[in-house]
Amino acid sequence: MKKILFVASEGVPFIKTGGLADVVGSLPKCIDKKYFDVRVFLPKYSCMREEVKAKMKYVTHFYMDFDWKNEYVGVLTAEVDGITYYFIDSEYYFNGFKPYGNDMLFEIEKYSYFSKAVLSALPLIDFQPDIIHCHDWQTGLIPVYLHERFQGDEFFWGMKSVMTIHNLKFQGRWDVKVVQNITGLSDYYFTSDKLESYKDANLLKGGLVFADAITTVSNTYAGEIMTDFYGEGLNGLLAARANDLRGIVNGIDYEDFNPETDPQIKTNYTVEDFRKNKVKNKAALQAELGLKEDPKAMMIGIISRLTDQKGLDLIDFMMDELCQDNIQLVVIGTGEEKYENMFRHFAWKYPEKVSANIFYSDELAHKVYAACDAYLMPSLFEPCGLSQLIALRYGTVPIVRETGGLKDTVEPYNEYESTGTGFSFTNYNAHEMLACIRNAERIYYDRKREWNKIVDRAMTVDYSWENSALKYQEMYDWLIG
C-alpha cells in the first residue's frame, strides 16, 4: 500500500475560499483505495463551521522550536467519506474571521509554522507517507524543510514531495532576512537558485526547486507558465524543470453537480430531456430575479471572483453594445469595487436584461448553471477553471477565451463539421469577445437544432475526478518507482 499525504491551506468540506478546496476535498476520494492510502492535513481555523469542528477528535500535542520560541502544536483528526483528515491546531496562528488575512508577513509566518508542524507531527501520528503532495505557496516550505532538517531523521528517508501550482500569481514573497529569521533556514537556502527571487524570499519558488515533481492544473497552463507572459517571474525555473512538470486538468464532483438530481434547481433534467425541461429553470430564475420573463431570450451566466484576471474589463467595454442584443446577463460574485459597481450600474441601466448579484450564494449559483443557455469566461489567464466544467455538465454552453484550462476543456464549435462543446476566441480583445458571443447568439437563434447538438455533446463529456485521479496515480507510481 502506497501512502500519500495531501497538505493544503483549505479543503472541502472543512474550509473553502476557492477552487483549491474543491481539489483537496474531491481528489483523495477518487484515488484507488486498493493501492493508495491517502490522507489530508489542513490548518484548524477558528472560523470553520461548528458542525465540522464537532467531528474532530484530539490526537496529540507537542511544542516545536519555531521563530525563536517554543510554539504549541495541537493535532486533531476527523474522518469524512472514508478519508482521514488531520488538523494543525494553533490558537495564535489560525484565529480570525477568515482563513486568509491581508497581512502578508503574518501569512508567511503562519504557513511556515504550518509546514514545519505537519512534518514534525508525522512520527507522532504514526503515518509515514511515501509522497507528500503540497498545494500552492502556503505549503512551499515542506519540500525545503524535508531537504533541510528532516533528512537527518531516519523516519523521513526517501520521502518524496510533489508541488502543485493552482495559481502561479500567488507566491508568498517577503524580505529575505525576515523570512530567514522566521523559518530558521541557513544562508545556503537563500540564493538565486533556491528561495531567493528578485531580491525577495519566495516560498513557492522554494517548493518548486526542491520538490521531486511539479504539477499544475491543466496541460495548456503547464506550457504557458514557462513563458514570460504567464510565468510570473518563475518561467526560467519552470522551463528548467520541464521534464518534472506535468499538467493534469482538475475535475468536478459529479454527484454535487448533477442536473438530474440537483435539489437546488427548479426542474431536474438529463441529456435526454433537456430540450423540454432546462428552459423551466430559466423561467423560474427570470421570475426570481425580476428579469423580463421571456423563455426564448438567450440567457448568459457569469459566476466569478470579480478581478482583473477574469477578463471583466472586456465585458465593461462591450456591455452597452451587448445589451442591444436580445440577451439577458446574470452575474454572481464579489471582488474589486470597480467591477462590483460596473455590474450594479448596468443592472440599473438595463433592469430587464441584467441581474447583478454582488454576493456569493451556492444555491443561486446552481440555479444559474441550470437556467442559463451560455456561460461567459473571457479570462486573461485561467490555470484550470472549474466553472466551465460545471457549465458543460449542466448543458450551459461555455463562451471562453483560449487560455489555460479553458483551452483544454472547451472544444470550439465547428459549424462545418458539427463538432465542439462551446465557443472560443483567441486574443484578449473586447471586439473579438463580442464577435464570439454574437456567433453563439446566431447559432442559438437561427440554428436551434445545431445549438441543441452542442448542448448534447457538452453534457456527455466527462470531467469527473475519476479521470484526473488516474493521471495522479500514474505520477505517484512513477515517483515511488
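This is a predicted model: local features need pLDDT of at least 70, side-chain atom pairs count only at pLDDT 80 or more; totals for chains, interfaces and linings use all residues.
Q: What makes Tyr 63 exposed?
A: Its relative accessible area is 53%, and the class begins over 50%, so Tyr 63 is exposed. Tyr 63 is found in strand 3, residues 57-66. Together with Tyr 58 and Tyr 72, Tyr 63 makes a nonpolar surface patch of about 360 Å².

Q: How do you know that Lys 29 and Asp 253 meet in a salt bridge?
A: The N to O distance between their side chains is 3.7 Å, and the cut-off is within 4 Å, so the pair qualifies as a salt bridge. Lys 29 is in helix 1 and Asp 253 in the loop between strand 12 and helix 9, 224 residues apart. Lys 29 counts as partly exposed at 31% relative accessibility, whereas Asp 253 counts as buried at 16%.

Q: Why does the pair of Glu 415 and Arg 447 count as a salt bridge?
A: The closest N and O atoms are 2.8 Å apart, and the limit is within 4 Å, so the pair meets the definition. Glu 415 lies in the loop between helix 14 and strand 18, and Arg 447 in the loop between helix 15 and helix 16, so the pair ties together parts that are 32 residues apart in sequence.

How values were computed: Residues are numbered from 1 along each chain as its sequence is written. Side-chain values use heavy atoms; hydrogens and water are left out. Patches are made of residues with over 30% relative accessible area and no salt bridge: like charges are joined within 9 Å, nonpolar side chains (Val, Leu, Ile, Met, Phe, Trp, Tyr) within 5 Å. Accessible areas come from the Shrake-Rupley method with a 1.4 Å probe; for residues, only the protein chains shown count as cover. Helices (H or I, at least four residues) and strands (E, at least two) are DSSP runs, numbered from the N terminus. Buried means under 20% relative accessible area, exposed over 50%, partly exposed in between (1.4 Å probe, protein chains only).
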